[in-house]
Amino acid sequence: MTTRAELPAQPGMTVPGGTVPQWKLPDEGWGRKAADAATLHEPQNIREYVTMHQHLKVGGGTRLLDVACGAGLAVELATARGATTAGIDASARLVAVARDRSSGADLRVGDMRALPWADGVFDVVTSFRGIWGTTPEVLDEVRRVLRPGGLLGMTVWGHVKASPGAWALRPFLWADASQVTHQAAMNSLGKPGVGERLLTAHGFEAVRRVDVPFVWEFADPESYARAMACTGPGYEAIQTIGEQRFLHDAAQLAAEHARDGLPLRAEINLVGFIARAPAPSGGASSFLAEPAQLSAGASAAYADDKGELGYVMNATRLWAHDTEAMELLFKALGHVTRTAGLSVRDRGILVTAATSTLGDSYCSLAWGAKLAAAASTQVSAGVLAGDDSLLDARERALAGWARRVAADPNATIAPDVQPLREAGYDEAQILAITAYVALRVAFSTVNDALGAVPDWQLRTSAPEAVLEAVTFGRAPAPVAAPDSP
Ligand SMILES: C[S@@+](CC[C@H](N)C(=O)[O-])C[C@H]1O[C@@H](n2cnc3c(N)ncnc32)[C@H](O)[C@@H]1O
(Lines give C-alpha, C1' and ligand atoms only; values in the text may rest on other atoms or scores of the structure.)
Protein backbone atom coordinates (compact mmCIF):
# COMPACT_ATOMS: atom_id res chain seq x y z
CA MET A 1 0.00 0.00 0.00
CA THR A 2 1.19 3.49 -0.71
CA THR A 3 -0.25 6.80 0.35
CA ARG A 4 -2.22 9.47 -1.37
CA ALA A 5 1.02 11.42 -1.32
CA GLU A 6 2.11 9.33 -4.31
CA LEU A 7 -0.29 10.94 -6.74
CA PRO A 8 1.37 11.88 -10.03
CA ALA A 9 4.18 14.34 -9.54
CA GLN A 10 3.56 18.01 -9.09
CA PRO A 11 6.41 20.49 -8.82
CA GLY A 12 5.94 20.74 -5.08
CA MET A 13 3.25 21.26 -2.52
CA THR A 14 2.94 23.20 0.66
CA VAL A 15 2.81 21.23 3.87
CA PRO A 16 3.27 22.45 7.41
CA GLY A 17 6.90 23.48 7.60
CA GLY A 18 7.39 24.49 3.97
CA THR A 19 7.31 23.20 0.41
CA VAL A 20 8.15 19.52 0.01
CA PRO A 21 8.40 17.69 -3.30
CA GLN A 22 5.45 15.35 -3.67
CA TRP A 23 7.59 12.21 -3.82
CA LYS A 24 8.99 12.90 -0.35
CA LEU A 25 5.58 12.75 1.32
CA PRO A 26 5.40 8.94 1.74
CA ASP A 27 7.94 9.40 4.53
CA GLU A 28 5.15 10.89 6.65
CA GLY A 29 3.02 7.78 6.31
CA TRP A 30 5.60 5.00 6.06
CA GLY A 31 8.57 6.54 7.82
CA ARG A 32 7.10 8.16 10.91
CA LYS A 33 7.23 4.85 12.80
CA ALA A 34 10.15 3.35 10.93
CA ALA A 35 11.17 0.94 13.71
CA ASP A 36 7.62 -0.46 13.92
CA ALA A 37 7.40 -0.70 10.12
CA ALA A 38 10.74 -2.54 10.02
CA THR A 39 10.03 -5.02 12.82
CA LEU A 40 6.24 -5.45 13.02
CA HIS A 41 5.14 -4.95 9.43
CA GLU A 42 7.90 -5.77 6.95
CA PRO A 43 8.84 -9.25 8.26
CA GLN A 44 5.23 -10.27 7.54
CA ASN A 45 6.07 -10.15 3.82
CA ILE A 46 8.94 -12.59 3.97
CA ARG A 47 7.19 -15.39 2.03
CA GLU A 48 6.66 -12.95 -0.81
CA TYR A 49 10.33 -11.90 -0.94
CA VAL A 50 11.66 -15.46 -0.86
CA THR A 51 9.24 -16.66 -3.55
CA MET A 52 10.00 -13.82 -5.94
CA HIS A 53 13.76 -14.13 -5.44
CA GLN A 54 13.40 -17.81 -6.24
CA HIS A 55 11.41 -17.10 -9.44
CA LEU A 56 14.03 -14.56 -10.48
CA LYS A 57 16.93 -16.93 -9.68
CA VAL A 58 18.55 -14.27 -7.50
CA GLY A 59 21.96 -15.61 -6.48
CA GLY A 60 25.68 -15.04 -6.51
CA GLY A 61 26.59 -12.11 -8.72
CA THR A 62 23.03 -10.96 -9.53
CA ARG A 63 23.00 -7.15 -9.74
CA LEU A 64 19.66 -6.34 -8.13
CA LEU A 65 17.74 -3.12 -7.50
CA ASP A 66 14.70 -3.05 -5.21
CA VAL A 67 12.36 -0.19 -6.08
CA ALA A 68 10.34 1.26 -3.15
CA CYS A 69 12.54 -0.86 -0.92
CA GLY A 70 11.01 0.32 2.35
CA ALA A 71 13.11 -0.71 5.36
CA GLY A 72 15.15 -3.01 3.13
CA LEU A 73 14.36 -6.53 4.32
CA ALA A 74 14.06 -7.75 0.73
CA VAL A 75 17.42 -6.13 -0.06
CA GLU A 76 18.95 -7.86 2.95
CA LEU A 77 17.58 -11.25 1.83
CA ALA A 78 18.85 -10.75 -1.73
CA THR A 79 22.27 -9.83 -0.34
CA ALA A 80 22.23 -13.03 1.73
CA ARG A 81 21.71 -14.97 -1.53
CA GLY A 82 24.92 -13.46 -2.89
CA ALA A 83 23.44 -10.62 -4.95
CA THR A 84 25.06 -7.20 -5.32
CA THR A 85 22.23 -5.01 -4.13
CA ALA A 86 20.80 -1.53 -4.45
CA GLY A 87 17.53 0.01 -3.29
CA ILE A 88 15.58 3.22 -3.44
CA ASP A 89 12.72 4.58 -1.37
CA ALA A 90 11.11 7.96 -0.84
CA SER A 91 11.21 7.58 2.93
CA ALA A 92 14.52 8.75 4.38
CA ARG A 93 13.67 7.14 7.70
CA LEU A 94 13.01 3.72 6.14
CA VAL A 95 16.19 3.95 4.06
CA ALA A 96 18.08 4.61 7.30
CA VAL A 97 16.86 1.22 8.56
CA ALA A 98 17.75 -0.41 5.24
CA ARG A 99 21.31 0.97 5.50
CA ASP A 100 21.54 -0.32 9.06
CA ARG A 101 20.55 -3.77 7.78
CA SER A 102 22.74 -3.91 4.65
CA SER A 103 25.79 -1.70 5.01
CA GLY A 104 27.28 -2.90 1.71
CA ALA A 105 24.22 -2.13 -0.42
CA ASP A 106 23.80 1.00 -2.54
CA LEU A 107 20.71 2.44 -0.82
CA ARG A 108 19.32 5.81 -1.84
CA VAL A 109 16.54 8.15 -0.83
CA GLY A 110 14.83 9.22 -4.01
CA ASP A 111 11.92 9.16 -6.41
CA MET A 112 11.34 5.88 -8.24
CA ARG A 113 10.09 7.90 -11.24
CA ALA A 114 13.66 9.17 -11.80
CA LEU A 115 15.99 6.32 -10.86
CA PRO A 116 19.48 7.65 -10.16
CA TRP A 117 21.33 4.85 -11.96
CA ALA A 118 22.75 4.56 -15.47
CA ASP A 119 21.11 2.56 -18.26
CA GLY A 120 21.37 -1.24 -18.25
CA VAL A 121 23.23 -1.72 -14.97
CA PHE A 122 20.92 -4.26 -13.25
CA ASP A 123 20.18 -7.92 -14.00
CA VAL A 124 17.06 -7.89 -11.83
CA VAL A 125 14.74 -5.17 -10.55
CA THR A 126 12.22 -6.07 -7.87
CA SER A 127 9.38 -4.06 -6.43
CA PHE A 128 7.18 -5.45 -3.69
CA ARG A 129 3.86 -3.64 -3.68
CA GLY A 130 5.77 -0.54 -4.73
CA ILE A 131 4.68 0.01 -8.36
CA TRP A 132 0.99 0.64 -8.85
CA GLY A 133 -1.64 1.34 -11.46
CA THR A 134 -1.18 5.01 -10.57
CA THR A 135 2.57 5.01 -11.19
CA PRO A 136 3.00 3.34 -14.62
CA GLU A 137 5.81 5.73 -15.64
CA VAL A 138 8.10 3.92 -13.19
CA LEU A 139 8.08 0.95 -15.58
CA ASP A 140 9.95 2.98 -18.23
CA GLU A 141 12.60 3.81 -15.67
CA VAL A 142 12.85 0.17 -14.60
CA ARG A 143 13.25 -0.93 -18.22
CA ARG A 144 15.96 1.69 -18.71
CA VAL A 145 18.11 0.51 -15.80
CA LEU A 146 17.70 -3.20 -16.66
CA ARG A 147 20.21 -4.75 -19.02
CA PRO A 148 18.70 -6.23 -22.20
CA GLY A 149 17.12 -9.51 -21.12
CA GLY A 150 17.16 -8.45 -17.44
CA LEU A 151 14.13 -9.35 -15.35
CA LEU A 152 11.55 -7.28 -13.49
CA GLY A 153 9.73 -9.04 -10.65
CA MET A 154 6.95 -7.07 -9.01
CA THR A 155 3.98 -7.80 -6.80
CA VAL A 156 0.58 -6.14 -6.47
CA TRP A 157 -2.56 -6.99 -4.54
CA GLY A 158 -4.73 -9.61 -6.23
CA HIS A 159 -8.39 -10.36 -5.50
CA VAL A 160 -8.29 -8.95 -1.98
CA LYS A 161 -12.02 -9.19 -1.28
CA ALA A 162 -12.02 -12.92 -2.02
CA SER A 163 -9.03 -13.54 0.28
CA PRO A 164 -9.55 -15.36 3.59
CA GLY A 165 -7.56 -12.58 5.26
CA ALA A 166 -9.44 -9.67 3.64
CA TRP A 167 -10.44 -8.51 7.11
CA ALA A 168 -6.84 -7.52 7.87
CA LEU A 169 -6.89 -4.76 5.23
CA ARG A 170 -10.19 -3.32 6.42
CA PRO A 171 -8.64 -0.56 8.58
CA PHE A 172 -7.33 1.04 5.40
CA LEU A 173 -10.95 1.72 4.42
CA TRP A 174 -11.37 3.95 7.47
CA ALA A 175 -9.56 6.71 5.57
CA ASP A 176 -11.57 9.44 3.89
CA ALA A 177 -13.53 8.39 0.81
CA SER A 178 -11.25 10.09 -1.75
CA GLN A 179 -8.21 8.29 -0.32
CA VAL A 180 -10.03 4.95 -0.45
CA THR A 181 -10.93 5.62 -4.09
CA HIS A 182 -7.28 6.37 -4.83
CA GLN A 183 -6.22 3.11 -3.14
CA ALA A 184 -8.65 1.22 -5.41
CA ALA A 185 -7.12 2.86 -8.51
CA MET A 186 -3.66 1.87 -7.30
CA ASN A 187 -4.77 -1.74 -6.88
CA SER A 188 -6.05 -2.22 -10.44
CA LEU A 189 -2.97 -4.06 -11.80
CA GLY A 190 -3.84 -7.38 -10.19
CA LYS A 191 -7.08 -7.72 -12.19
CA PRO A 192 -6.94 -10.37 -14.94
CA GLY A 193 -4.93 -9.07 -17.89
CA VAL A 194 -4.43 -5.52 -16.57
CA GLY A 195 -0.84 -5.87 -15.30
CA GLU A 196 0.11 -7.94 -18.34
CA ARG A 197 -1.23 -5.26 -20.72
CA LEU A 198 0.54 -2.46 -18.86
CA LEU A 199 3.89 -4.26 -18.78
CA THR A 200 3.64 -5.13 -22.47
CA ALA A 201 2.67 -1.54 -23.32
CA HIS A 202 5.81 -0.38 -21.52
CA GLY A 203 7.99 -2.62 -23.69
CA PHE A 204 8.45 -5.68 -21.47
CA GLU A 205 8.44 -9.19 -22.93
CA ALA A 206 7.64 -12.70 -21.72
CA VAL A 207 5.28 -11.27 -19.11
CA ARG A 208 3.91 -13.91 -16.77
CA ARG A 209 1.88 -14.06 -13.61
CA VAL A 210 3.18 -16.19 -10.75
CA ASP A 211 1.57 -17.35 -7.53
CA VAL A 212 3.03 -15.67 -4.48
CA PRO A 213 2.13 -16.87 -0.99
CA PHE A 214 1.26 -13.94 1.24
CA VAL A 215 0.26 -14.38 4.87
CA TRP A 216 0.31 -11.94 7.74
CA GLU A 217 0.64 -13.51 11.19
CA PHE A 218 0.38 -11.65 14.49
CA ALA A 219 0.89 -12.71 18.08
CA ASP A 220 -2.18 -10.82 19.33
CA PRO A 221 -4.71 -8.14 18.29
CA GLU A 222 -2.62 -5.31 19.75
CA SER A 223 0.47 -6.27 17.69
CA TYR A 224 -1.75 -6.38 14.62
CA ALA A 225 -3.13 -2.90 15.34
CA ARG A 226 0.38 -1.47 15.78
CA ALA A 227 1.59 -3.14 12.58
CA MET A 228 -1.25 -1.52 10.61
CA ALA A 229 -0.77 1.89 12.22
CA CYS A 230 2.79 2.21 10.86
CA THR A 231 1.78 1.76 7.21
CA GLY A 232 1.04 4.51 4.69
CA PRO A 233 -2.66 3.64 4.25
CA GLY A 234 -2.96 3.09 8.01
CA TYR A 235 -1.70 6.64 8.43
CA GLU A 236 -4.36 7.88 6.01
CA ALA A 237 -7.03 6.26 8.20
CA ILE A 238 -5.42 7.71 11.33
CA GLN A 239 -5.63 11.18 9.82
CA THR A 240 -9.38 10.63 9.46
CA ILE A 241 -10.33 8.86 12.72
CA GLY A 242 -7.37 9.57 15.04
CA GLU A 243 -4.65 7.23 16.32
CA GLN A 244 -6.33 6.08 19.54
CA ARG A 245 -9.51 5.08 17.77
CA PHE A 246 -7.57 3.41 14.97
CA LEU A 247 -5.59 1.26 17.41
CA HIS A 248 -8.69 0.41 19.43
CA ASP A 249 -10.90 -0.48 16.46
CA ALA A 250 -8.16 -2.44 14.69
CA ALA A 251 -7.47 -4.51 17.81
CA GLN A 252 -11.19 -5.17 18.21
CA LEU A 253 -11.46 -6.24 14.58
CA ALA A 254 -8.54 -8.64 15.00
CA ALA A 255 -9.94 -10.05 18.25
CA GLU A 256 -12.85 -11.47 16.18
CA HIS A 257 -10.25 -13.60 14.33
CA ALA A 258 -8.21 -14.75 17.34
CA ARG A 259 -7.57 -18.51 17.58
CA ASP A 260 -6.64 -20.46 20.70
CA GLY A 261 -2.93 -21.20 20.83
CA LEU A 262 -2.37 -20.06 17.24
CA PRO A 263 -1.32 -16.72 15.79
CA LEU A 264 -3.79 -14.43 14.09
CA ARG A 265 -3.55 -15.33 10.43
CA ALA A 266 -4.55 -13.34 7.35
CA GLU A 267 -3.92 -14.93 3.98
CA ILE A 268 -4.22 -12.32 1.24
CA ASN A 269 -4.26 -12.84 -2.50
CA LEU A 270 -1.15 -11.32 -4.05
CA VAL A 271 -0.12 -11.36 -7.69
CA GLY A 272 3.48 -11.59 -8.86
CA PHE A 273 4.60 -10.50 -12.33
CA ILE A 274 7.84 -11.50 -13.98
CA ALA A 275 8.76 -9.65 -17.18
CA ARG A 276 11.86 -9.34 -19.32
CA ALA A 277 13.51 -6.22 -20.73
CA PRO A 278 13.88 -6.57 -24.51
CA ALA A 279 17.08 -6.68 -26.50
CA PRO A 280 17.84 -3.38 -28.28
CA SER A 281 17.03 -3.29 -32.00
CA GLY A 282 19.91 -3.23 -34.49
CA GLY A 283 22.32 -4.49 -31.85
CA ALA A 284 25.46 -6.54 -32.25
CA SER A 285 25.29 -10.34 -32.47
CA SER A 286 27.42 -10.75 -29.31
CA PHE A 287 30.01 -8.86 -27.26
CA LEU A 288 32.72 -9.78 -29.78
CA ALA A 289 33.05 -8.21 -33.20
CA GLU A 290 32.86 -10.73 -36.03
CA PRO A 291 36.30 -11.61 -37.45
CA ALA A 292 37.30 -9.15 -40.17
CA GLN A 293 38.41 -12.09 -42.34
CA LEU A 294 36.53 -15.38 -42.17
CA SER A 295 38.71 -18.49 -42.02
CA ALA A 296 37.90 -21.37 -44.36
CA GLY A 297 36.26 -23.16 -41.41
CA ALA A 298 34.14 -20.12 -40.53
CA SER A 299 33.06 -19.65 -44.16
CA ALA A 300 32.02 -23.30 -44.27
CA ALA A 301 30.10 -22.92 -40.99
CA TYR A 302 28.29 -19.82 -42.37
CA ALA A 303 27.41 -21.72 -45.54
CA ASP A 304 26.13 -24.68 -43.49
CA ASP A 305 23.87 -22.37 -41.46
CA LYS A 306 22.55 -20.66 -44.57
CA GLY A 307 21.85 -24.01 -46.24
CA GLU A 308 20.17 -25.46 -43.16
CA LEU A 309 18.41 -22.42 -41.68
CA GLY A 310 18.50 -19.69 -44.30
CA TYR A 311 20.54 -17.40 -42.02
CA VAL A 312 23.80 -17.37 -40.05
CA MET A 313 23.25 -17.89 -36.34
CA ASN A 314 24.70 -15.33 -33.95
CA ALA A 315 26.36 -18.25 -32.13
CA THR A 316 28.13 -19.21 -35.37
CA ARG A 317 29.29 -15.60 -35.82
CA LEU A 318 30.74 -15.77 -32.29
CA TRP A 319 32.46 -19.14 -32.72
CA ALA A 320 33.82 -17.95 -36.08
CA HIS A 321 36.82 -16.82 -34.03
CA ASP A 322 37.67 -20.50 -33.46
CA THR A 323 35.56 -22.83 -35.55
CA GLU A 324 37.98 -25.64 -34.79
CA ALA A 325 37.07 -25.45 -31.10
CA MET A 326 33.38 -25.54 -32.03
CA GLU A 327 33.91 -28.51 -34.35
CA LEU A 328 35.83 -30.44 -31.67
CA LEU A 329 33.07 -29.73 -29.16
CA PHE A 330 30.40 -30.95 -31.57
CA LYS A 331 32.51 -33.95 -32.52
CA ALA A 332 32.64 -34.89 -28.82
CA LEU A 333 28.87 -34.36 -28.61
CA GLY A 334 28.39 -36.65 -31.60
CA HIS A 335 30.60 -39.31 -30.03
CA VAL A 336 28.73 -39.42 -26.69
CA THR A 337 25.39 -39.24 -28.51
CA ARG A 338 26.25 -42.50 -30.27
CA THR A 339 27.61 -44.16 -27.10
CA ALA A 340 24.45 -43.35 -25.16
CA GLY A 341 22.16 -44.07 -28.13
CA LEU A 342 20.37 -40.73 -27.84
CA SER A 343 17.58 -39.91 -30.30
CA VAL A 344 16.82 -36.32 -31.37
CA ARG A 345 13.93 -36.37 -28.91
CA ASP A 346 16.24 -37.55 -26.09
CA ARG A 347 18.75 -34.81 -26.90
CA GLY A 348 15.95 -32.26 -27.00
CA ILE A 349 14.94 -33.31 -23.50
CA LEU A 350 18.53 -33.23 -22.20
CA VAL A 351 19.30 -29.84 -23.75
CA THR A 352 16.08 -28.06 -22.78
CA ALA A 353 16.19 -29.44 -19.22
CA ALA A 354 19.83 -28.34 -18.83
CA THR A 355 19.63 -24.95 -20.56
CA SER A 356 16.41 -23.90 -18.81
CA THR A 357 18.15 -24.73 -15.51
CA LEU A 358 21.14 -22.61 -16.56
CA GLY A 359 18.86 -19.77 -17.68
CA ASP A 360 20.19 -19.93 -21.26
CA SER A 361 17.45 -18.65 -23.54
CA TYR A 362 19.37 -19.17 -26.80
CA CYS A 363 19.71 -22.97 -26.72
CA SER A 364 16.37 -23.27 -24.91
CA LEU A 365 14.63 -21.61 -27.85
CA ALA A 366 16.62 -23.39 -30.56
CA TRP A 367 16.25 -26.82 -28.96
CA GLY A 368 12.75 -26.05 -27.66
CA ALA A 369 11.72 -25.73 -31.32
CA LYS A 370 13.54 -28.98 -32.22
CA LEU A 371 11.93 -30.87 -29.33
CA ALA A 372 8.53 -29.50 -30.29
CA ALA A 373 9.05 -30.94 -33.78
CA ALA A 374 10.40 -34.29 -32.50
CA ALA A 375 7.79 -34.72 -29.74
CA SER A 376 5.17 -32.01 -29.34
CA THR A 377 4.92 -28.35 -28.38
CA GLN A 378 3.39 -29.36 -25.03
CA VAL A 379 6.26 -31.74 -24.23
CA SER A 380 8.81 -29.07 -25.12
CA ALA A 381 7.12 -26.24 -23.20
CA GLY A 382 6.63 -28.62 -20.27
CA VAL A 383 10.30 -29.63 -19.99
CA LEU A 384 11.39 -25.98 -20.34
CA ALA A 385 9.11 -25.08 -17.46
CA GLY A 386 10.23 -28.04 -15.32
CA ASP A 387 7.06 -30.09 -15.89
CA ASP A 388 7.93 -33.65 -17.02
CA SER A 389 4.43 -35.08 -16.73
CA LEU A 390 4.22 -35.80 -20.49
CA LEU A 391 7.49 -37.80 -20.47
CA ASP A 392 7.81 -41.54 -19.91
CA ALA A 393 9.93 -42.91 -17.02
CA ARG A 394 13.14 -43.14 -19.08
CA GLU A 395 12.76 -39.59 -20.38
CA ARG A 396 12.00 -38.31 -16.88
CA ALA A 397 15.27 -39.88 -15.72
CA LEU A 398 17.13 -38.01 -18.50
CA ALA A 399 15.45 -34.66 -17.72
CA GLY A 400 15.97 -35.00 -13.98
CA TRP A 401 19.65 -35.90 -14.37
CA ALA A 402 20.29 -33.06 -16.86
CA ARG A 403 18.83 -30.53 -14.38
CA ARG A 404 20.96 -31.86 -11.52
CA VAL A 405 24.16 -31.75 -13.58
CA ALA A 406 23.43 -28.23 -14.84
CA ALA A 407 22.32 -26.88 -11.46
CA ASP A 408 25.21 -28.07 -9.31
CA PRO A 409 27.37 -31.07 -10.23
CA ASN A 410 28.81 -31.10 -6.70
CA ALA A 411 25.40 -31.58 -5.14
CA THR A 412 24.61 -34.93 -6.77
CA ILE A 413 24.48 -38.10 -4.68
CA ALA A 414 24.90 -41.75 -5.78
CA PRO A 415 21.14 -42.54 -5.73
CA ASP A 416 20.57 -39.76 -8.31
CA VAL A 417 22.11 -42.05 -10.93
CA GLN A 418 19.79 -44.96 -10.12
CA PRO A 419 16.82 -43.82 -12.25
CA LEU A 420 19.11 -43.91 -15.31
CA ARG A 421 20.08 -47.52 -14.51
CA GLU A 422 16.43 -48.40 -13.98
CA ALA A 423 15.70 -46.83 -17.37
CA GLY A 424 18.10 -49.38 -18.91
CA TYR A 425 21.31 -47.38 -19.30
CA ASP A 426 24.63 -49.09 -18.45
CA GLU A 427 27.55 -47.36 -16.73
CA ALA A 428 29.25 -46.31 -19.99
CA GLN A 429 26.02 -44.83 -21.28
CA ILE A 430 25.48 -42.91 -18.02
CA LEU A 431 28.95 -41.43 -18.44
CA ALA A 432 28.11 -40.52 -22.04
CA ILE A 433 24.79 -38.91 -21.04
CA THR A 434 26.56 -36.88 -18.36
CA ALA A 435 29.28 -35.82 -20.80
CA TYR A 436 26.58 -34.83 -23.29
CA VAL A 437 24.96 -32.52 -20.73
CA ALA A 438 28.34 -31.12 -19.61
CA LEU A 439 29.39 -30.36 -23.21
CA ARG A 440 26.07 -28.59 -23.84
CA VAL A 441 26.59 -26.60 -20.64
CA ALA A 442 30.04 -25.62 -21.92
CA PHE A 443 28.59 -24.48 -25.26
CA SER A 444 25.84 -22.46 -23.52
CA THR A 445 28.35 -20.95 -21.09
CA VAL A 446 30.50 -19.54 -23.90
CA ASN A 447 27.47 -18.17 -25.77
CA ASP A 448 25.90 -16.64 -22.67
CA ALA A 449 29.07 -15.19 -21.17
CA LEU A 450 29.97 -13.52 -24.46
CA GLY A 451 26.47 -12.13 -24.94
CA ALA A 452 25.38 -14.10 -28.02
CA VAL A 453 21.93 -12.67 -28.78
CA PRO A 454 19.33 -15.32 -29.64
CA ASP A 455 18.55 -14.89 -33.34
CA TRP A 456 15.39 -12.95 -34.14
CA GLN A 457 14.37 -15.80 -36.43
CA LEU A 458 13.74 -17.92 -33.32
CA ARG A 459 10.84 -15.61 -32.50
CA THR A 460 9.04 -16.82 -35.60
CA SER A 461 10.33 -20.39 -35.86
CA ALA A 462 9.75 -21.46 -32.23
CA PRO A 463 6.14 -22.33 -31.32
CA GLU A 464 4.29 -19.76 -29.19
CA ALA A 465 4.19 -22.05 -26.12
CA VAL A 466 7.97 -22.52 -26.31
CA LEU A 467 8.52 -18.76 -26.55
CA GLU A 468 6.25 -18.28 -23.56
CA ALA A 469 8.11 -20.92 -21.54
CA VAL A 470 11.50 -19.26 -22.11
CA THR A 471 11.07 -16.46 -19.61
CA PHE A 472 14.77 -16.30 -18.67
CA GLY A 473 18.10 -15.38 -20.17
CA ARG A 474 18.95 -12.94 -22.93
CA ALA A 475 16.00 -11.66 -24.92
CA PRO A 476 15.94 -12.68 -28.60
CA ALA A 477 16.75 -9.85 -31.01
CA PRO A 478 13.67 -7.94 -32.23
CA VAL A 479 12.24 -9.25 -35.51
CA ALA A 480 14.26 -7.62 -38.29
CA ALA A 481 13.02 -6.07 -41.53
CA PRO A 482 12.50 -8.65 -44.32
CA ASP A 483 15.71 -7.72 -46.20
CA SER A 484 17.96 -7.97 -43.14
CA PRO A 485 20.72 -10.65 -43.22
C1 LIG B 1 3.79 -0.81 0.23
S2 LIG B 1 5.26 -0.05 0.71
C3 LIG B 1 6.34 -1.33 0.22
C4 LIG B 1 7.65 -1.27 0.91
C5 LIG B 1 8.52 -2.49 0.74
N6 LIG B 1 8.69 -2.80 -0.67
C7 LIG B 1 7.92 -3.67 1.48
O8 LIG B 1 7.89 -4.75 0.92
O9 LIG B 1 7.55 -3.55 2.62
C10 LIG B 1 5.47 1.23 -0.48
C11 LIG B 1 6.79 1.95 -0.39
O12 LIG B 1 6.86 2.85 -1.50
C13 LIG B 1 7.60 3.98 -1.09
N14 LIG B 1 7.32 5.04 -2.09
C15 LIG B 1 6.16 5.67 -2.34
N16 LIG B 1 6.28 6.56 -3.32
C17 LIG B 1 7.56 6.50 -3.75
C18 LIG B 1 8.33 7.17 -4.75
N19 LIG B 1 7.78 8.08 -5.56
N20 LIG B 1 9.63 6.83 -4.90
C21 LIG B 1 10.21 5.91 -4.11
N22 LIG B 1 9.53 5.23 -3.13
C23 LIG B 1 8.23 5.52 -2.95
C24 LIG B 1 7.06 4.24 0.30
O25 LIG B 1 7.93 5.07 1.04
C26 LIG B 1 6.96 2.84 0.84
O27 LIG B 1 8.16 2.44 1.50
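**View 1. β7 and the largest pocket.** β7 gives the most to the lining of the largest pocket, supplying 4 residues. This is a predicted model, where local features need pLDDT of at least 70, side-chain atom pairs count only at pLDDT 80 or more, and totals for chains, interfaces and linings use all residues. Residues are numbered from 1 along each chain as its sequence is written, and side-chain values use heavy atoms, leaving out hydrogens and water. The lining has 41 residues, with K57, L358, G359, F472 and G473 nearest the pocket's centre. A pocket here is an open set of points on a 1 Å grid over the protein atoms alone where a 1.4 Å probe fits, with protein on both sides within 12 Å along at least five of seven lines; lining residues have an atom within 4 Å of a point.

**View 2. What the pocket is made of.** The largest pocket holds about 1,100 Å³ of space, a volume being the space filled by probe spheres set on the points. Its lining divides into 14 nonpolar, 16 polar (Gly counts here) and 11 charged residues. Domain 1 (4-276) and domain 2 (296-469) both give residues to this lining, so the pocket lies between them. The domain bounds come from an automatic or database assignment.

**View 3. The open sheet.** Seven strands line up as β5-β4-β3-β6-β7-β11-β8, with mixed pairing. At the edges stand β5 (106-109) and β8 (205-212), each with a single partner strand, so one side of each has no neighbour in the sheet. Strands are DSSP runs of E, at least two residues, and helices are runs of H or I, at least four; two strands pair if DSSP finds at least two bridges between them.

**View 4. Around β7 and β11.** β7 (residues 146-157) pairs with β11 (residues 270-276) in the antiparallel sense over 7 bridges. Look for L151, whose bridge partner in β11 is R276.
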